[in-house]
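Q: I am new to reading protein models. Can you walk me through some features?

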Amino acid sequence: MTTPDSPVRKRAPRPGAAPLPAGRRRAAIRPPRPLLLTACLAGALAVLPLGYLAVRALERGPAFAWDVIADERTGSLLLRSLGLAAVVVAACLVLGVSLAWLTVRTALPGVRVWSVLVTLPLAVPSYVAAFTWLSAAPWLVGFTGAALAMTLVSFPYVYLPVAAALRGIDPAQEEVSRSLGHGAVRTFARVVLPQLRPAAAGGGLLVALYVLSDFGAVSLMRYDTFTRGIYTSYRASFDRTPAAALSAVLVVMTVALVAAEARTRGRAGHSRAGRGTARPAAPLALGRLRLPALAWCGTVVTAAVGFPLGVLGYWLAVGSSATWEPALLSDTALTTLGVAAAGAALTTALALPVGVIAARHRGRTAHLLEQAAYAGHALPGITVALALVFFAVRYARPLYQEPPLLVCAYAVLFLPVAVAATRAAVLQAPPVLEDVARSLGRSPLRVLREVTVPLAAPGVAAGAVLTFVVCMKELPATLLLRPTGMDTLATRLWTETGAGSFAAAAPYAAALILLAAVPSYLLGRHRT
Amino acid sequence: MTDLQITGLAKGYGPGAAVLDGLDLTVPGGSLAAVLGPSGCGKTTLLRVVAGFLRADAGTVALGGHTLGGPGVHLPPERRRIGIVPQEGALFPHLSVARNVAFGLTGLHRSARGRRVGEMLGLVGLDGYGRRMPHELSGGQQQRVALARALAPEPDLVLLDEPFNALDSALRAGVRADVRAALRATGATAVLVTHDQQEALSTADLVAVVRDGRVAQCAAPQELYQRPADPWVAAFVGDAVLVGGAAEGGTVNTPLGRVPLAGGPGAPGGLREGRVLLRPEQLRLTDPAAAHVRGTVTDVHFYGHDAMVTVAVDGVEDPVGIRVPGPVPVRPGGRTGIRVTGEATLHPAAC
């Protein structure tokens, strides 16, 4: 695949990698040592929880760990987790695929507005959705409520890739099918649907991953899953080995899902390769189905976005002055902003060397570093938190339940977000500029500071903002690692909702959404 | 003056894939050499090895007598004093034109730096453009700034990597002339990498034709065109007419008539028979009635400034091309006579 003239210019598409802009990896030049050292530090921090979890789970011998894993209760938790994941994935596939088809291929009235509205649920944390449903319909508690809340926040994970795949299919294929005597429905089933399968499968796996690692919605809905089981087991006794063993099982499950998801993404990329420049398909007239289609979109958007906002508004309106504690609210908001900013700063700082190395160098070290940094992608927040608790209690007692440990947990969890942003931003900067700077007498480190980083700065900053938003919304790790007496908006919301004081919870939910909306809005503007 | 001396340079990517295969090249100080070759011949690799971005497997690169790279020696790019002008200029998009040009001027005082930047911008004909940002410049202007940036620190050598490729043909000639003038004015030794034979022949003092990782021939443009080392080089640098022939004294007998043989490196001693190489513009169309050599016109391609006439010559297997200036006196199917002017080179038949 390389021509002798440009041996290092092209690179095989990496599974899961975004389409590569003009950029190339260097084979010949090793990363400067300070860069490599910081990157190794980041990589070590990222895999530390995983390693420690294994050590801790096996501490009392494999037999004990096996007893916990083979326990009847573990089996039932496993079934409950998988059952919830299966139902949510199925529902998300129905919602995601139908909405994608309606917004991409049909003459749905107001199609542009709809295609924005149906992605908004991504901004609603699962526990906020759970809070709104629970406060409006307490009888939903349990499986139904958990499945409903999870579906309504995660169907965009299916919608987005499927809509993109639909846009990529050459409409001429469907015309050929129609000209060969197949009706619209048969054409969709035999020509379109099979081509959507990789995108839908990838999205479905993401949803499954999200459901398995979710803690907020299932715990508020009092539906016992693995994450809730780990939390209860950790809180219930001083013996933390069972919690560690359960975490290990959960990690194995999520790692398997991430691997499966990466595989489908790789294949989806291949099937898209080689398509020509497809002209856009003529939108399909809906005819008599226009009203039902509109009603479908309206129902989904109302349930996923309108309803939570409405309920929130209701509780804010009925909340008496007794439930409003402006001082506490502003304190909590400031604390949240503080830890999230610290988390984003540390994560971005650690992601920078890893992202630069991932974008500009290759070889085993670079590859390992990148993989290590992505570990957090497979780790549910609760397991990272547990691993850091174990580690701190054993080796860094003064850090236990202190803010730095919480910030470290954010870094482990969200390093993938920041590394992906940094890597993409560095790839956008043409490497030839670095060559020019070297030839004008700059050392590799100065080239990094004067050329690479300034050029990548907007993308890195966007990654930092994104990290900031996800840190702010993080719940399980914050619950476990926060210093005694410290609360973030997410933990207050969780506590108040758990106690059934919905009116008291509402201001925190509103503050969270508002505070997360500002950076998200800025991000959107940056991207367009 | 700083000569560039490359000896025995080898570089491969993986086993059995030698990109540079014992390449030798000497560029005298102050001259502009073009490295010409088809894509995949190793030109870009050569350039990256000379600049220090790649490490060669074998061989040495020396500049002004100092070894930059060789066995056990590898000077990093920032210490080689070699300026590069990449394709499409590659200006730093976050820096103004002046700061781009000043990028390599680290040792100078502020005022001296400003003076030098002004000087360099004047040299490339962009006085007063210092405050512009790169995206506010045209492609040709960007290329000139890139040259000014490379020349500002007074490098010992400037490497230009197909710098005119991205420019449209109307602009190319002008920018090419300006670049050549700027290089002359500074007296810098320069290596221009290109796959465009016209560009190489018209711009450089010395042209090195690279084939399969080696220099097939290195000569001044006229010498290269008139006395190519072999038919491949001949065909690569221009249109060629090849016919069989036998040497006799200082001339060679061909089906197109008797032609004087050129001396120099293109004339292998002792060779009696082989292929005779002529250029299409050496052939003339004549009146068929009075000619010794006749043929039938099979095709006419008119280019404006001249035309290429293809003639099936009686007794010659392949049709020959004849370049005709001005109006074309013949049409396809017509008969014509042919006369040869100038000198020919003789090459082994098996090559």
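A: Start with two terms. A residue is buried if 20 or more other C-beta atoms lie within 10 Å of its own, exposed if 12 or fewer, and partly exposed in between, with C-beta atoms placed from the backbone. A nonpolar core is a set of buried Ala, Val, Leu, Ile, Met, Phe, Trp, Tyr and Cys residues joined through C-beta atoms within 7 Å. This is a predicted model: local features need pLDDT of at least 70, side-chain atom pairs count only at pLDDT 80 or more, and totals for chains, interfaces and linings use all residues. Residues are numbered from 1 along each chain as its sequence is written, while chains are lettered from A and ligands numbered from 1 in the order in which they are written.

Q: How many residues has the largest nonpolar core?

A: It has 270 residues. A:Ala149 and B:Ala208 are among those with the most contacts inside it. Helix 18 (residues 403-428) of chain A gives the most, with 20 residues. Helices (H or I, at least four residues) and strands (E, at least two) are DSSP runs, numbered from the N terminus.

Q: Which residues does A:Ala149 touch?

A: Contact means C-beta atoms, placed from the backbone, within 7 Å. Leaving out residues up to four places away in sequence, A:Ala149 touches A:Ser126, A:Ala129, A:Ala130, A:Trp133, A:Ala217 and A:Met221.

Q: Where is the kink in helix 1 of chain A?

A: The bend at a residue is the angle between axes fitted to the seven residues ending there and the seven starting there. Here a kink of about 40° lies at A:Val47, shortly before the proline A:Pro49. The buried residues of this helix include A:Ala46 and A:Pro49.

Notes: Contact = placed C-beta atoms within 7 Å.
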